[in-house]
Amino acid sequence: MKVLLKGGRVMNPAVDFDETADVLIENGKVAKIAKDIPTDDADVYDVTGKLVTPGLIDLHVHFREPGQEAKEDFESGSKAAVAGGFTTVATMPNTNPVVDSAALVRSLKKRAEDVARCHVEIIGAVTKGQQGKELAELGDMVQAGAVAFSDDGHFDPTAKVLLNAYDYLHAFDKVIINHEEETSLVEDGVMNEGHRSAMLGMKGRPTVAEDIAVARDVMLAEYAGARVHVAHMSSARAVDIVRQAKKRGVRVTAEVTPQHLTMTDDCVNLYDSSTKINPPLRTQADCDALLAGLKDGTIDAIVTDHSPHAQEEKDREYMFAPSGFPGLETSLGVMLTDLYHAGKLDLKTIISKMTWEPAKVFKLDAGTLNVGSAADITVIDPDKEWVVDAKNFYTKGSHSPFIGRKFKGKAVMTFVDGKMMMRDGKVK
Ligand SMILES: NC(=O)N[C@@H](CC(=O)O)C(=O)O
């Protein structure tokens with residue numbers, strides 16, 4: 001089985017390759033990249049004017065299995081992933097029950113094999129039940145195939161517990177992903193603390209909650225010589241803390257979402273809970289600092305934090321609605337429209353932070369177009385104009401602050417292990 005992608009702009013950030021070329025896929029692998037490869041017996045697709053990139057990788061999604069399948073499941077979530085151009089995603093353990101045992105990791109891996117349209121990596125909990133008290137079965141979960149560990153959705157309150165986790169995981173070289181909001185400062189808060197929260201009369205979540213959490217966890221990692229990955233960064237000062245730590249040689253990596261890069265708390269309105277996320281949308285100064293952090297290498301990865309909820313839950317008052325919205329099908333559109341076409345960020349950085357660099361954070365064998373690697377490939381039309389419409393979503397979540405937005409740039413084909421899983425928005 002051969003597929004030939006003809007005449008696209010091939011970007012392989014791992015080796016700094018960016019040229020017009022053909023890509024030959026054979027037996028699920030990248031077989032050759034060169035000019036004018038003979039068509040022979042291959043299925044040929046003319047991708048002139050399109051980008052051919054490694055399949056997009058998302059280190060941070062919520063697929064809600066087990067227990068909250070009404071919000072999302074591995075099938076709907078992975079369909080949303082390939083629709084958005086993603087070929088590998090890593091799903092968070094804040095489920096019901098929490099993914100804190102080897103048995104659950106194993107059963108989710110099996111679920112992924114059975115129903116998922118793309119590669120789904122499993123992130124295990126750091127502590128039992130994500131309660132922050134006792135370590136979960138970390139070693140057993142590593143053996144069962146967990147890719148990383150996180151108590152995402154919760155801040156681990158006790159430094160000693162986290163230090164134990166760092167020390168323990170050292171032996172396995174697995175990374176911990178920390179949700180950085182010091183709990184006592186954000187309890188009851190529903191949006192960024194600032195002018196807008198005061199105007200709306202809503203309780204805020206201050207940036208200092210993130211800053212001190214990041215500072216603690218980075219210093220603990222430095223002390224333990226361990227690796228830490230900072231989840232969904234939102235605060236300017238926290239970016240600087242990571243920047244300084246990287247300069248000192250601390251083994252810290254970080255991620256940011258398209259929404260935190262491009263939206264501010266000015267978007268928050270009382271009767272639309274789609275903008276309610278944790279950490280919250282901040283200010284323009286924070287967006288600018290996050291962008292600077294992406295550009296100078298402080299921030300390694302762009303992630304979606306795809307967090308679907310049932311529509312009836314999101315339809316509640318801002319204060320009572322759950323936080324989070326689905327991002328897999330809008331992420332690339334936001335990045336290309338509001339950052340690339342707006343002249344704020346180059347294509348190479350965007351593609352690198354959505355492929356090769358996140359792959360390095362989790363040490364995934366993915367994120368390149370090197371000959372011999374799995375043919376996980378995304379074809380992107382950088383100029384395709386489209387309007388976000390929840391009716392076209394594959395995710396079960398239908399709430400998103402991007403609904404109705406006109407975007408320029410979209411994934412038009414997604415190949416997973418050489419198989420075409422999405423073409424022109426239609427998922428297999
Ligand atoms: N990011 C979010 O706003 N929500 C996440 C959990 C979390 O990280 O708080 C979710 O699971 O819905």
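## Overall fold

Helices (H or I, at least four residues) and strands (E, at least two) are taken here as DSSP runs, numbered from the N terminus. On that basis, the secondary structure of the protein chain comprises 14 helices and 19 strands. The radius of gyration, which is taken over C-alpha atoms, is 20 Å for the protein chain, close to the 22 Å that the globule rule (2.2 Å times the number of residues to the power 0.38) gives for 428 residues, so the chain is as compact as a globular protein of that length. Along the principal axes, the C-alpha atoms fill a box of roughly 65 × 50 × 45 Å.

This is a predicted model, in which local features need pLDDT of at least 70 and side-chain atom pairs count only at pLDDT 80 or more, whereas totals for chains, interfaces and linings use all residues. Residues are numbered from 1 along each chain as its sequence is written.

## Burial and nonpolar cores

A residue is called buried if 20 or more other C-beta atoms lie within 10 Å of its own, exposed if 12 or fewer do, and partly exposed in between, with C-beta atoms placed from the backbone; 55% of the 428 residues count as buried. Two residues are in contact if their C-beta atoms, placed from the backbone, lie within 7 Å, and among contacts between residues at least 6 apart in sequence, 76% join residues at least 24 apart.

A nonpolar core is a set of buried Ala, Val, Leu, Ile, Met, Phe, Trp, Tyr and Cys residues joined through C-beta atoms within 7 Å. The largest such core holds 116 residues, of which Val23 and Val242 touch the most other members. This core draws at least three residues from each of domain 1 (2-52 + 374-427) and domain 2 (56-361), the bounds coming from an automatic or database domain assignment.

## Annotated binding site

An unreviewed UniProt entry places the feature "binding site" at His60, His62, Asp152 and Asp305; such positions are given in the numbering used here, feature names are shortened, and annotations may be inferred rather than shown by experiment. Although these residues are spread over 246 residues of sequence, they cluster in space, with a largest C-alpha distance of 10.1 Å.

His60 lies in strand E6 (residues 56-61) and counts as buried, with 27 C-beta neighbours inside 10 Å. Beyond its neighbours within four places in sequence, His60 has contacts that include Glu255 and Asp305. His62 is found in the loop between E6 and helix H1 (74-83) and is likewise buried, with 25 other C-beta atoms within 10 Å.
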